[in-house]
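Biologist: Hello! Could you walk me through this one, question by question?

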Amino acid sequence: MRMDKTEFSNKLKNLKTDGKSTIELYNEISLLAMQYGLSQADVPAQRNAYYLSMEFLIGRSFFNNLMELGVLDETRELLKEKGVDINVFEEIEDAALGNGGLGRLAACFLDSAAGLGLPLHGYGIRYKYGLFKQAIRNGFQVELPDDWQSFGDPWSIRKAHGKRKIKFADMTVTAVPYDMPVFGKRVNVLRLWQAEGSAAAQKISEYLYPADDTEDGKLLRLRQEYFFSAAAVGELVEKYVKLHGKNFDDFADHNVIQLNDTHPVLAIAELIRVLTTKYKLGFDKAEGIAKKTFAYTNHTVMPEALECWGASLVKKILPDIYDVLIKLQESQTSEFKRLCCSEAEASEMAIYANDKFSMANLAVYVGNTVNGVAKLHTDILKTDLFKTAYKYYPNKFQNKTNGITQRRWLMLCNRELSELLDGTIGSAWRDDISKLGVLNAHVSDMLGGFVKVKTEKKRQLFEYIKKHEGVYIPENFMVYAQVKRLHEYKRQLMTAFAILEIYKGLTDGKIKDFRPSVFVFGAKSAPSYKRAKAIIKFINDIADKINSDPRTNALLRVVFVKNYNVSYAEKIVAGTDVSLQVSTAGLEASGTGNMKFMMNGAVTCGTMDGANIEIVELAGKENNYIFGADVDEIERLKRGDYDPNAILKADAYHSYAVNTLIDGTFSDGDTGGFKELYDALTVGASWHKPDHYFVLHDLKSYVEALLKINTDSKDEKAFAVKQIKNVANSAHFSSDRTIKEYASDIWKIK
Ligand SMILES: *Cc1c(COP(=O)(O)O)cnc(C)c1O
């Protein structure tokens with residue numbers, strides 16, 4: 001049943017709200033919007049791109065979808081007339097079907113493609129439980145199940161007729177699709193597969209990323225990856241046959257499949273398996289089709305994230321896939337002979353080596369293109385991680401710097417700034433984000449308004465933090481924020497030390513005229529990552545100590561917000577002055593949090609890593625604060641005899657901060673976590689040298705940068721200019737730009 005805008009408005013006007021619960025209203029309004037939104041659905045495109053991703057970190061769909069459908073303001077007003085504040089729907093759980101940046105990128109890409117009218121669809125898993133909900137007890141992270149469907153799931157439609165059988169050697173699982181429409185200029189589809197059947201079968205879509213530090217965990221992970229990849233490939237092949245028959249010569253003209261990291265790489269083997277067994281194509285022909293169909297995005301150079309599957313495990317549960325992988329290895333070996341690769345080179349690029357299958361090497365070999373996610377990251381792929389592949393297949397390699405959707409990350413989360421932009425440069429930027437650059441010529445027109453907006457967004461953030469964390473932050477405070485997954489390479493520990501040094505400087509009189517500031521942290525740690533959990537505890541202990549010290553708490557406060565997620569991020573990025581992006585150079589592939597902050601007018605305090613490099617290139621070094629070792633320096637330090645203990649000894653402030661880990665200032669509840677952090681910095685461990693993320697190397701320049709920002713910010717106007725310059729130059733980091741590049745350089749879709 002089609003529904004036009006007038007009908008939607010009338011139904012909304014007639015909606016009875018009296019006596020209804022938030023859940024009921026949420027479902028009724030969402031279903032109305034779905035009906036209206038799906039009425040705009042387009043004819044299917046001739047050539048489609050498919051984004052296969054183990055994660056889609058969607059967040060809340062309610063506000064975003066109403067905005068995309070152009071009915072958010074109207075709904076807000078109508079509800080207000082009925083005495084309902086639209087913000088009650090902030091109670092709705094986020095759909096957290098992802099861990100962090102990689103999953104959020106997938107969601108931003110779908111949003112941008114729909115917004116640009118490009119036929120890109122997503123395939124993933126409909127986890128029953130998303131990323132755990134984080135509670136903090138006694139300063140420690142506690143993981144609780146994330147029942148994201150507890151308010152219902154009105155934005156998905158179960159498509160029972162699209163169900164498929166997925167075969168493992170020991171069981172057959174039914175994959176049932178749930179479609180989430182993605183609204184924009186086109187209506188695209190995110191199709192998430194739910195596993196049904198026996199109890200063992202259902203387990204496949206029960207949890208996002210079960211711990212894979214056990215054999216059972218590994219097996220389940222492998223099943224998940226094959227499950228959704230096979231469901232997607234099977235469906236695409238069937239659809240092709242229906243439309244074009246069993247001659248597969250044109251398959252790659254109609255379908256292009258983007259592999260979001262290595263998780264869906266088994267889709268390659270599955271396509272070849274289906275074409276050779278069900279449709280009797282020769283292996284070489286099937287391989288040729290796969291080579292034209294797939295493209296691969298690498299997201300990290302961290303060795304632990306480059307997946308390898310034990311050959312015996314694959315053989316046991318996916319024997320046909322095992323056979324295909326071995327044949328691919330043979331075909332690869334003969335190609336390497338033709339190319340005259342040395343033995344060492346061949347083994348470096350091998351799909352199969354040491355009884356393992358390398359998903360990255362498979363993706364690089366078959367992938368039509370291989371891309372990194374920021375200029376520096378792509379350079380590292382070419383010169384380091386995949387250097388040999390780059391030597392033999394230089395044309396495969398491309399850069400596609402990540403982006404974020406300005407619809408969620410500016411228009412939705414910062415209505416005040418968006419309206420100020422409309423008033424300053426007109427509203428053309430809303431349809432064409434590149435127009436944001438016009439603001440460069442109007443910075444001074446916006447100064448007063450910008451300061452007002454920032455103050456208001458801080459007030460809203462502080463109110464939210466008070467409500468959720470019980471921590472009060474006075475209105476005039478400057479906001480420094482580091483929010484992202486907790487990982488040693490992201491160096492939240494370095495920020496913790498820097499705060500302790502500032503705290504000491506304030507108490508002993510070394511630091512004077514400090515502008516009152518709050519450090520906001522938000523981060524989840526992988527449940528089994530002991531050091532990361534110890535860092536969370538450390539930060540919470542620091543917050544308790546500093547916030548309750550009457551000597552300093554009018555000047556310095558620290559808050560660790562629990563359960564950092566997309567909805568919390570929307571509040572934080574809008575209300576922050578300083579974005580902390582301080583990873584060890586060379587290790588953050590791109591980052592996207594950095595882009596969200598920039599677009600909302602925060603200056604970046606960061607290292608020359610990932611997309612930070614491009615941010616300062618565009619917004620100006622003078623409008624941001626770069627410190628610490630760059631990639632070349634890190635390489636030199638690794639080759640030389642880097643000695644963190646000498647740095648520690650030579651600086652009383654460093655010693656003070658680092659020693660709080662072991663001198664009884666704080667307590668880790670006998671977990672040994674703090675001592676392990678201390679040892680990691682000062683003596684190393686069996687698998688790494690002391691301080692292998694170079695925290696102590698960069699700490700001094702980090703504290704200096706933080707203090708410089710503090711001083712600079714006292715000139716309110718000059719500082720606002722820097723912040724506005726960041727907004728004005730952020731269009732490049734819109735995922736609209738990224739998606740246009742993928743569409744023209746890789747997907748060839750219109
Ligand atoms: C953007 C985002 C991330 C990624 O942040 P980085 O700073 O790039 O690591 C992670 N989690 C959530 C909830 C996000 O919105």
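**Around the ligand**

Modeller: Gladly. Of the 14 residues around the ligand, those that come nearest are Lys-484, Lys-490, Thr-592, Gly-593 and Lys-596; a residue is near if one of its heavy atoms lies within 4 Å. This is a predicted model, where local features need pLDDT of at least 70 and side-chain atom pairs count only at pLDDT 80 or more, while totals for chains, interfaces and linings use all residues. Residues are numbered from 1 along each chain as its sequence is written, and side-chain values use heavy atoms, with hydrogens and water left out.

Biologist: How far is an oxygen atom of the ligand from an N or O atom in the side chain of Lys-596?

Modeller: A polar contact is a pair of N or O atoms within 3.5 Å; within protein, one must be able to donate a hydrogen and the other to accept it, and residues adjacent in sequence count only if both atoms are side-chain atoms. Lys-484 has a polar side-chain atom 2.7 Å from a ligand oxygen, and a polar backbone atom of Gly-593 lies 3.0 Å from a ligand oxygen. For the side chain of Lys-596, the distance is 2.6 Å.

Biologist: How much of the ligand's accessible area does the protein cover?

Modeller: Accessible areas come from the Shrake-Rupley method with a 1.4 Å probe; for residues, only the protein chains shown count as cover. On its own the ligand has 390 Å² of accessible area, and the protein covers 95%.

**Cysteines**

Biologist: How many disulfides does the count come to?

Modeller: The rule asks for a pair of cysteine sulfur atoms within 2.5 Å. For Cys-108, the nearest cysteine sulfur is that of Cys-413, 11 Å away. Cys-108 is buried at 1% relative accessibility, and Cys-413 is buried at 7%; buried means under 20% relative accessible area, exposed over 50%, partly exposed in between (1.4 Å probe, protein chains only). The count of disulfides is 0.

**Helix α27**

Biologist: Which helices do the buried residues of α27 pack against?

Modeller: Helices (H or I, at least four residues) and strands (E, at least two) are DSSP runs, numbered from the N terminus. At the start of α27, a side-chain oxygen of Asp-651 comes to within 2.8 Å of the backbone nitrogen of Tyr-653. Tyr-653, His-654, Ser-655, Ala-657 and Val-658 are buried in this helix, which spans residues 652–659. With contact meaning heavy atoms within 4.5 Å, the buried residues pack against α20, α21, α26, α28 and α29.
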